[in-house]
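Please open the structure in a viewer and keep the sequence panel beside it.

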Amino acid sequence: MFRMLAVAALSLGLMGAGPPPLTPDRVAPVGNLAVAAKTFQGRAALQVTDLGPPNGQTDKLVVLPGTDFGDGEIEVWVAGEPGAVGANPGARGFVGVMFRLSEDRKTGEAFYVRPTNGRAEDQERRNHTAQYISAPDWPWERLRGETPSRYEAYVDMQPAKWVRLRIVVRGERARLFVDGAEQPTLIVNDLKGGAGRRGAIALWIGPGTVAHFAGLTVKPS
């Protein structure tokens with residue numbers, strides 16, 4: 001327990017007066033990404049831009065070195081929007097967090113949002129705003145096909161606007177809270193990686209996305 005807290009504090013500055021801004025020199029991008037320090041809507045932020053394929057579940061990550069997360073809470077401000085490179089009519093500004101990421105970067109659990117769905121004039125699209133996935137065996141397509149609506153939910157948001165995500169993980173259960181809501185937007189009672197999986201934390205983006213991340217905090221338990 002003490003070792004886990006110490007690692008989090010040293011690697012991310014998560015104790016004391018609060019975390020410093022995420023910066024390119026403190027992260028490890030995976031995949032064809034551009035990472036830069038920016039000020040976005042008044043917040044010091046890490047900008048992450050998709051520069052093109054490939055786009056698998058773990059192909060576009062910004063890993064936070066030194067993190068070893070099993071149970072606890074992850075909180076971060078995110079803003080996502082379709083970008084100029086790799087975006088097509090299906091681009092949604094996908095942005096979120098992967099946790100319990102394996103050393104080989106092939107397995108992990110993630111919550112993410114599709115900001116352009118939040119106020120779409122199509123109820124079905126709205127219902128797909130928030131999403132859980134588990135790499136590599138449970139992409140959104142399989143989850144939606146086999147268990148429609150169980151791992152997705154609606155939440156009000158807009159592209160290129162900050163929203164606060166809080167992920168609470170206990171064993172094989174996880175909850176996604178958005179913008180300080182007392183009740184979770186999305187409940188997962190059967191994390192596909194099981195109760196014992198642990199690993200790194202990574203910022204996650206999807207195809208055709210320009211994303212911003214700020215104010216990351218991690219509270220292991």
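What percentage of the 221 residues of the protein count as buried? The share is 49%, where buried means under 20% relative accessible area, exposed means over 50%, and partly exposed lies in between, with a 1.4 Å probe and protein chains only. This is a predicted model, in which local features need pLDDT of at least 70, side-chain atom pairs count only at pLDDT 80 or more, and totals for chains, interfaces and linings use all residues. Residues are numbered from 1 along each chain as its sequence is written, and side-chain values use heavy atoms, with hydrogens and water left out.

**The whole chain**

Begin with a cartoon view of the protein. Its secondary structure comprises three helices and 14 strands; helices (H or I, at least four residues) and strands (E, at least two) are DSSP runs, numbered from the N terminus. The radius of gyration is 16 Å, close to the 17 Å that the globule rule gives for 221 residues, so the protein is as compact as a globular protein of that length. That radius is taken over C-alpha atoms, and the globule rule is 2.2 Å times the number of residues to the power 0.38. Along its principal axes, the C-alpha trace spans about 50 × 35 × 35 Å.

**Stop one: T49**

Select T49, which lies in strand 3 (residues 43-50). T49 counts as buried, at 16% relative accessibility. Leaving aside its neighbours within four places in sequence, T49 is in contact with N32, L33, A34, I205, T209 and V210. Then select R119 as well: the C-alpha atoms of T49 and R119 are separated by 23 Å, and the two residues are 70 residues apart along the chain.

**Stop two: salt bridges**

Side chains of opposite charge can pair when their charged atoms come close. How many salt bridges does a search of the whole structure find? The search finds 11, a salt bridge being a side-chain nitrogen of Lys or Arg within 4 Å of a carboxyl oxygen of Asp or Glu.

R119 is partly exposed, at a relative accessible area of 46%, and D156 is partly exposed at 38%.

Move to E152 and R144, whose salt bridge brings the closest N and O atoms to 2.6 Å. Is E152 buried or exposed? E152 is buried, with a relative accessible area of 7%, whereas R144 is partly exposed at 25%.

**Stop three: charges over rings**

Stay with R114 and display W140. The charged end of R114 sits over the ring of W140, 5.7 Å from its centre; for this, NZ of Lys or CZ of Arg must be within 6 Å of the ring centre and within 35 degrees of the ring normal. Then select R166, which lies over the face of F177 at 4.2 Å from the ring centre.

**Stop four: aromatic pairs**

Finally, display the aromatic rings. The structure holds seven aromatic pairs: rings of Phe, Tyr and Trp (its six-membered ring) pair if their centres lie within 6.5 Å, and planes under 30 degrees apart count as stacked, over 60 as edge-to-face and the rest as tilted.

Select F94 and Y112, an edge-to-face pair at 6.3 Å centre to centre, with 65° between the planes. F94 lies in the loop between strand 5 (72-82) and strand 6 (95-101) and Y112 in strand 7, so the pair ties together parts that are 18 residues apart in sequence. Both F94 and Y112 are buried.

Then select F111 and Y132, a tilted pair at 5.7 Å centre to centre, with 55° between the planes. Ring pairs link F69, F99, F111, Y132 and Y151 into a cluster.

Conventions. Contact means heavy atoms within 4.5 Å.
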